[in-house]
Every structure is written in C-alpha cells, then in structure tokens.
Amino acid sequence: MDQHSFLFQAMIYLGAAVLLVPLARKMGLGSVLGYLIAGILIGPSALNLVGDRSEDVMHVAEFGVVMMLFVIGLELEPSLLWKLRKPIVGMGGLQVLITAAIITGICFVAGIDRNQAIAIGLIAAPSSTALVIQTLQEKGLMKTDAGQSSFAVLLFQDIAVIPMLAVLPMLAPSQSDNSANHGSDAWISSQPGWVQTLAVIFAVGIIVLAGRFLVRPLLRMVAATRSREVFTATTLLLVIAITLLMTSVGLSPALGTFLAGVVLANSEYRHELESDIEPFKGILLGIFFISVGAAINFSLMADSPLLVVGILLGLMAVKAVVLAMTGRVFNLSTDQNLIYSLGLCQVGEFAFVLLSFTRQANILNQHTADLLLAVVALSMALTPLLFLLNEKFLLPRFDVKEKPVEKEADTIEEKNPVIIAGFGHYGNTVGRFLRAHGIGTTILDIDSDRVDYLRKMGFRVYYGDASRYDLLHAAGASEARIILLTIDDPVKRLEMIETIKKHFPNLQIMVRSQNRYDAYDQMNAGMMHIYRETVDSALRMGVDTMKILGFRAYSASRAASTFLQYDERNLKYLSSIRDEKQYINTAREFIEELDKIIQNDLRAPELNRDKGWDEESLINDARNMSPSNG
Amino acid sequence: MARILIQFAHPALEKSRVHKQLLRHIPQHPDIYVNDLYERYPDFNIDITREQQLLLKYDIIVLQHPFYWYSSPAIIKQWQDLVLEHGWAYGSQGNALKGKVLLNAISAGGSFEVYRPEGRNRHTIPEFLYPFEQTARLCHMEYWPPFAIHGTHRLQEADISLYALQYEQLLLAMANDRVSPSELATCHYLNDLVPIPSTIQS
C-alpha cells in the first residue's frame with residue numbers, strides 16, 4: 001500500500017466514523033451500529049470508496065480485537081476468572097457444543113456435504129466478543145447477571161477458536177491438504193503434531209513467565225523515565241510481540257494478549273497500560289466494524305434475498321434458542337436471559353478468520369463462503385438493533401407484567417420525598433437508613449436483578465439509566481424534594497447534575513463524590529451538598545488509631561469532627577483558588593496539591609485545643625492572684 | 001432596648017408539648033435571637049468562637065430548657081464548659097460578660113408544691129439553680145429569677161398556650177426595659193411580673 005493510498009484510505013475510514021458514529025449515538029443506536037453503517041456506506045454496494053482493499057484493512061483492524069482482549073484481560077483478576085469457572089466451562093461449553101451440533105445437523109439434512117456441514121457449524125457457534133462487550137459496556141450492563149454470563153460464554157468461545165483452528169484442516173479434502181497450508185505463514189503447521197503441542201505449551205509458558213518476571217521490571221524501568229510516550233510504545237510493543245509469537249505457533253493472538261492481560265492484571269501498572277492501549281483499541285475496533293460493514297456483499301443478497309434472509313434468521317433463531325436454554329439451565333431470570341440470549345445470537349468476528357481459513361483450505365467454495373460472510377456481517381449489524389428492540393419493547397413489557405404483583409396500588413401512588421439514584425453499596429446504606437426511619441424513597445437502578453429483588457421487598461424501584469430525563473420524570477423528580485446521587489460513575493453524576501438542574505430546578509441535590517477532584521468538579525457545577533466517600537471512614541480510622549494509642553475516646557472523636565469541619569472549609573478554599581482547566585493527571589501534580597493541603601494544615605489554628613478544658617491559664621492566674629499560697 | 005439571646009436546649013423537641021408552644025410565642029423581634037443548641041451542634045462539637053461572638057452581641061441571656069434531673073440538658077453544660085473560658089468570661093482578665101443578665105426559663109414535671117422545703121424535692125427551684133446563679137456571679141453577670149412552668153405532664157394544650165403568652169409578654173417587657181430592679185427583688189419567679197388567671201397556677 002503506497003503512502004498516498006494509505007492516507008486516503010485512512011481518511012475515508014476515519015471520516016465515515018466521525019460523521020456517522022455521533023449521529024448513531026444521538027439516535028440512541030450505539031456506536032457499533034454507527035461504525036457498521038459507516039462501513040456499508042463507504043463499501044462497494046453504496047459509495048464504493050474503499051475499493052478492493054477492505055479485506056487488507058480488516059486484517060489490520062482485527063488487531064483491534066486482539067487489543068480489546070488485552071484490555072479485558074487487564075480488567076480481569078484471576079480470582080474473578082476462578083469465580084466464573086462454572087459459567088465459562090458450563091454455559092460456554094454447552095452453548096458452543098449444542099449450537100455447533102444443531103447447525104451441523106441442519107446443514108447435513110439440507111444436503112450439504114458432511115465436512116462442510118461441520119465447518120459451518122463450527123464457524124457459526126462463536127458470538128462477537130467485540131460487539132457484545134462494547135455494547136454491554138456502553139449500556140452499563142457488564143456487572144449484571146446477563147453481562148457476566150455473556151462475558152463467560154464469550155471467553156469460552158474465544159478459547160474454543162483454537163481447537164477449531166486445529167480441527168478445520170482435518171475437514172479439508174485430502175488432495176488439497178498441502179495447498180491449504182501454503183498460504184498460511186505459520187511455521188508450525190508443517191511440523192508434526194507433538195511439536196505443535198509442545199510449541200503451544202511453550203508459548204503460553206513464555207507469556208505467563210515473561211509477564212511475571214520480565215515485563216514488570218521492564219515497565220518499572222520505563223515508568224522511571226517518566227516519559228509517557230515510551231510507556232505507550234512499550235505497551236504496544238508488548239501486544240505486538242505477543243501477537244507475533246502466538247501467530248507463529250498457530251494460536252489465536254487474541255488468546256495470547258488476553259493471557260498477558262490477566263498476568264498483568266495484578267501489577268501496579270494495570271491502569272496505565274489500560275489507558276495507554278484504550279485509544280488504539282477503540283480506533284482499531286471501530287475500523288474493524290467499518291470493514292465488516294464494507295464487506296457485506298449486497299449484490300449477493302440482491303440475487304437471492306430469500307436465501308440470505310432465511311439463513312440469517314434461522315441461524316440467529318437457533319443460536320438464541322440454545323443460548324436461552326443455557327441461560328435457563330444456569331438460572332438466569334427471564335429478563336436477564338433475554339438480554340443474554342438476544343445479545344449473543346449473532347455470529348462473531350472469529351467467523352471471518354475461520355471463513356478465510358476454510359476458503360484457503362478449500363473446505364467451502366467461494367459462493368458458500370461469500371454467502372456466509374454476508375450472513376455473519378448482517379447478523380452483527382442486526383445485534384445493536386436487537387439490543388435496542390429488546391430494550392424498548394421486550395424488557396418494558398416484561399416490566400409491565402411484573403407490576404401487578406405489587407398489589408399496594410396506593411403506596412405506588414404515594415409521592416416519595418427522596419429519590420436515590422443508584423442502589424449499590426453506597427446507595428443502599430443511605431437508603432436502608434432512611435427507610436428504617438420511615439422516610440419514603442424511590443430508587444433508580446440499572447441492575448435488573450437488584451431491581452427485581454427490591455421490588456419484592458416492597459421498595460418503589462425504577463429500572464434504567466438514572467441520567468435519563470424520562471426516567472427521572474417517571475420517578476417523580478418534579479414532586480420529590482431531594483435526590484441522592486449515589487451512582488458509581490463520576491461522569492454520570494456530573495451529567496445527572498446538569499440534567500436535574502435544567503429540568504427539575506426545585507429538586508435539592510446531594511451528591512456522593514469519590515475524592516477531592518470529584519468534589520472540585522461538583523463544586524464547579526454548583527453543588528452545595530457533597531459527600532466524599534473516603535473522608536468519614538478515613539477519619540473514623542484515625543479516631544480508632546488514636547484510641548488504640550491511648551487517647552481518650554471523646555477527645556479523639558471531637559478532634560475528628562473539628563478536623564472534618566476544617567477540611568471541608570479547606571476544600572472550598574482550595575477549590576476557589578484552583579485553576580479550573582487544570583485537572584490532576586499525574587502523580588507529581590497530586591503531590592503538589594497534597595503539599596498545598598498539608599501546608600494549610602500546618603497553618604491552621606490549633607485544631608486540637610479546647611481552652612475551656614485547659615487549666616494552664618487558671619493555674620497561672622491562681623498563682624498570680626494569691627502568691628502567699630504558693 | 002435590651003437585646004435578648006435565647007440559648008435553647010431540648011434534645012427531643014419533637015416530643016415536647018410545652019417548648020414547641022413557647023418557641024412559637026417568642027416574638028419576631030430584631031433584638032431577640034433563638035440559638036437552638038441541639039439543632040446546631042448535634043455532635044456536641046460547639047463552635048466556641050461563634051458562641052462567644054453571640055454572647056458579646058446580647059445583653060440578656062435566657063437559658064430555655066426542660067428541667068432534667070434538677071438541672072439542664074447536657075448540652076448547656078457542654079456550652080458552659082467550653083464557651084465560658086477563663087481569661088474571657090472569668091478570671092483576672094475575664095470581663096467579656098460584665099454587666100449582662102443571665103436567667104433560666106424552664107419547664108418542670110413536678111408541681112410548685114413539691115419544690116418546697118416541705119415538698120418531695122425538699123428544695124425550691126431557685127435553690128436547685130444555684131450553680132447557674134454562681135456561674136453568673138463569677139462572670140460578673142446579674143442573675144435573675146427563673147421563668148418556670150410547673151406540672152407540665154398534667155397541663156392541657158390551652159393551659160400551655162396561656163403560659164406561652166405569659167412568656168411572650170415577659171420577653172417583650174425585657175426587650176423594652178420594662179423590668180425594674182425593685183420588681184426583681186421581690187419576685188420568686190419572673191412569672192409573677194406577668195400575672196395570668198389563678199385557675200391554672202395549681
């Protein structure tokens with residue numbers, strides 16, 4: 001690719017993304033659908049701006065999937081992985097095996113050759129990790145049961161791709177066995193079986209050991225240079241090196257980086273690695289989705305529309321039913337199961353990899369492969385729509401069905417003076433406290449299981465994104481007196497402050513804040529009632545420390561309340577002299593700020609003296625007044 | 001014109017019948033200020049600077065509270081301990097409160113009769129209030145007889161509102177300097193300065 005055409009391609013792709021993604025998000029369609037539409041638009045069927053290069057681009061963009069798995073790995077602590085072992089092996093295993101078996105069976109019955117049928121079954125089984133994780137994260141559903149189950153199944157599928165790649169060559173017509181391999185750049189495929197196995201074990205071992213003993217010291221060294229771009233370069237180097245290593249032994253690079261991510265998840269550089277790789281991942285994933293959109297062969301669909309639609313719907317229906325069944329087996333509640341099974345019923349990006357492999361190996365002919373490619377791309381394009389339909393039509397209906405269970409219609413009519421947005425660890429403590437004193441609260445929460453449970457306990461709960469105007473309105477924000485913003489996400493909280501100030505000016509806002517910087521932002525947004533998560537419990541710890549050291553309990557707790565008052569005043573002062581544009585990003589700035597705080601502490605008037613209880617002046621006075629007694 | 005500061009202390013005002021009515025009858029007057037101690041310092045963390053500034057601004061300090069265990073609720077004691085500092089309120093240099101007036105406005109469950117030498121409590125209300133009187137003396141303040149409401153458990157709402165009216169009249173009289181030293185010398189309670197029908201004095 002010469003430089004000019006590379007830049008031109010880049011311009012087309014990025015331009016399409018910049019134009020369409022914001023548009024799609026504004027329409028509530030999510031960014032993934034935006035990318036896909038952008039791809040369709042610039043693809044051969046519409047504007048034809050990408051020429052025949054889209055497949056090259058897709059190869060580059062697949063690297064986005066690799067990076068995404070690295071990030072997923074980083075976010076995953078081994079303990080979580082262990083906790084999820086049942087759904088990963090159980091749900092994932094069931095889903096892949098049954099789906100592959102059923103689709104193979106259907107293909108076989110439809111008169112397709114046995115080997116081809118098996119290949120199609122294997123290709124169709126995995127779902128799209130990139131698409132589903134991105135969508136779930138955007139909708140804030142990752143922590144729900146549906147999110148966790150989806151994640152577990154996707155993880156299993158990603159791992160299952162490796163044995164699939166091992167099985168597929170065996171399906172190839174025997175005379176073309178060699179031609180299947182000549183295009184593959186993997187040195188390993190020409191080696192005997194035991195060498196391949198050893199190589200795989202060796203590669204995985206290298207990643208785990210190097211992650212432990214080599215990468216961490218390296219990162220420490222690089223971090224010590226305090227040069228951010230070198231750190232970024234190191235991160236990229238790490239991912240690329242693993243990708244090369246894995247491809248050379250014929251393993252999925254996605255699995256390799258995922259593994260590396262897990263190994264580094266416990267390291268102190270986790271967040272830095274994550275934030276360094278994030279923009280690359282985002283852009284490449286976007287381009288990947290665009291190239292999927294561009295790869296959809298619409299002329300094929302125009303030739304045999306019924307066939308394409310039939311295969312598409314049949315495939316998704318089979319997948320959805322199998323998924324719903326596994327969800328049922330693993331006790332997902334109905335609405336969670338809906339999110340999970342409709343969310344995962346597309347065919348994933350690994351199908352593109354597997355398809356190109358099967359075509360090279362002559363397992364499938366060009367026509368079948370093209371047809372499947374179109375079906376896969378379409379099923380991915382339909383996924384965001386399915387999420388949307390599910391959210392707009394199915395889930396609310398389910399919600400409505402639930403409602404008659406709550407018989408006390410009058411308590412529903414009753415207007416509660418307090419709304420709690422977010423009933424996690426923070427929100428539920430405040431909520432329980434208020435409820436224990438008979439104060440009516442309305443709760444907004446995004447976790448549907450929690451919502452379900454709370455409803456059963458007789459709470460008035462609304463399911464959904466608390467920053468949405470309509471949800472706030474439905475929850476009675478115009479009649480309530482106070483809203484407690486206790487959701488986890490600081491950005492969401494600021495959004496909510498904006499929305500509430502705009503639409504419900506009479507609603508008093510009390511807001512949780514993570515730390516000082518959060519509090520500064522909230523002060524700038526005009527908040528008066530700000531509650532830093534850390535400050536009260538930290539001071540209680542301080543009080544208990546003083547007590548254990550021998551201070552009297554009352555003196556210690558009185559000192560803490562005096563300090564709290566002083567610290568709140570100090571916070572307001574520092575906020576007023578703070579440069580609004582300057583956000584604290586680096587450790588050095590944090591220390592500068594800390595220095596300012598501690599200097600103020602030193603200048604503060606005696607924080608620990610109550611003169612009324614101090615006898616010094618009394619004693620002096622007594623001595624001066626009656627020297628004869630001395 | 002005398003400026004009046006009412007230091008109000010009731011740990012559970014929502015349960016009180018008498019003090020709710022009394023508070024409602026405190027005249028809306030630029031020179032009368034109610035400082036609700038339990039409301040302002042729920043953790044007893046009294047702001048000493050603020051309290052001293054307040055004391056400096058006013059001439060008559062009324063401690064309004066229920067009569068718990070022959071004395072005041074705990075926060076009044078905390079307030080005394082912390083705010084009336086040596087070298088400020090008393091001691092060789094402590095003249096900040098010189099010439100000001102201190103008095104208690106209290107409600108008591110027992111009747112007037114039980115607070116007599118021959119009664120169950122064996123002492124009068126002014127005798128029980130000696131610590132306040134002496135506090136005032138030590139701070140170079142004048143101590144006035146208390147305003148007192150007796151037998152609060154048996155009072156009807158209508159009786160309470162009569163007392164509340166009496167309190168209101170008393171505060172206005174004090175604010176307008178209509179309380180003379182000769183009257184003060186003769187009265188047992190400040191209530192005597194504003195007579196109400198004898199039927200409810202039992």
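Predicted model: local features only at pLDDT ≥ 70, side-chain atom pairs only at ≥ 80, totals over all residues.
## A glutamate between two chains

Contact here means heavy atoms within 4.5 Å. B:Glu85 sits in the loop that joins helix H4 (74–83) to strand E4 (101–107) of chain B. Leaving aside its neighbours within four places in sequence, B:Glu85 is in contact with A:Lys611 and A:Gly612 from chain A, and with B:Ile48, B:Gln52 and B:Tyr90 from chain B.

Is B:Glu85 buried or exposed? Its relative accessibility is 7%, and buried means under 20%, so B:Glu85 counts as buried.

## Chain B as a whole

How many helices and strands does chain B have? There are 8 helices and 6 strands. If you follow chain B from the N terminus, the elements come in the order β-α-β-α-α-β-α-β-α-α-β-β-α-α.

Of the 202 residues in chain B, 55% are buried. Looking at contacts in chain B with a separation of 6 or more, 77% are between residues 24 or more positions apart.

## Helix H24 of chain A

Which residues of H24(A) are buried? They are A:Arg516, A:Tyr517, A:Asp518, A:Ala519, A:Tyr520, A:Asp521, A:Gln522 and A:Met523.

Both ends of this helix deserve a look. The N-terminal end of H24(A) is capped by A:Asn515, with a side-chain oxygen 3.1 Å from the backbone nitrogen of A:Tyr517. Just after H24(A), A:Gly526 has a positive phi of about 90°.

## A:Leu238 and helix H11

A:Leu238 belongs to helix H11 (residues 228–248) of chain A. With a relative accessible area of 14%, A:Leu238 is buried. Not counting residues up to four places away in sequence, A:Leu238 touches A:Phe70, A:Val215 and A:Leu264.

On the H11(A) side, the contact is made by A:Arg228, A:Phe231, A:Thr232, A:Thr235, A:Leu236 and A:Val239. H13(A) contributes A:Glu272, A:Leu273, A:Ser275, A:Asp276, A:Ile277 and A:Phe280. By class, the contact of H11(A) with H13(A) has 6 nonpolar, 3 polar and 3 charged residues.

As background for reading such lists, an α-helix has 3.6 residues a turn, so residues three or four places apart point the same way.

## Helices H15 and H16 of chain A

Another helix pair in chain A is formed by H15 (residues 305–329) and H16 (residues 334–343), whose axes come within 9 Å and cross at roughly 140°. H15(A) and H16(A) are therefore oblique to each other. The crossing of H15(A) and H16(A) is right-handed.

Which residues meet where H15(A) and H16(A) come together? From H15(A) these are A:Ala320, A:Leu323, A:Ala324, A:Thr326, A:Gly327 and A:Arg328. Their partners in H16(A) are A:Thr334, A:Asn337, A:Tyr340 and A:Ser341. Sorted by class, this contact of H15(A) with H16(A) has 4 nonpolar, 5 polar and 1 charged residues.

Methods. Residues numbered from 1 in each chain as written. Chains lettered and ligands numbered in written order. Heavy atoms only, no water. Buried < 20%, exposed > 50% of the residue type's maximum accessible area, 1.4 Å probe, protein only. Helix = DSSP H or I, 4+ residues; strand = E, 2+ residues; numbered from the N terminus. Polar contact = N/O pair within 3.5 Å; in protein donor to acceptor, adjacent residues only side chain to side chain. Axes fitted to C-alpha atoms, helices over the stretch in contact; angles between N-to-C directions. Parallel < 35°, antiparallel > 145°, perpendicular 65-115°, else oblique. Left-handed = near helix turned anticlockwise from the far one by under 90°. Nonpolar A, V, L, I, M, F, W, Y, C, P; charged D, E, K, R; others polar.
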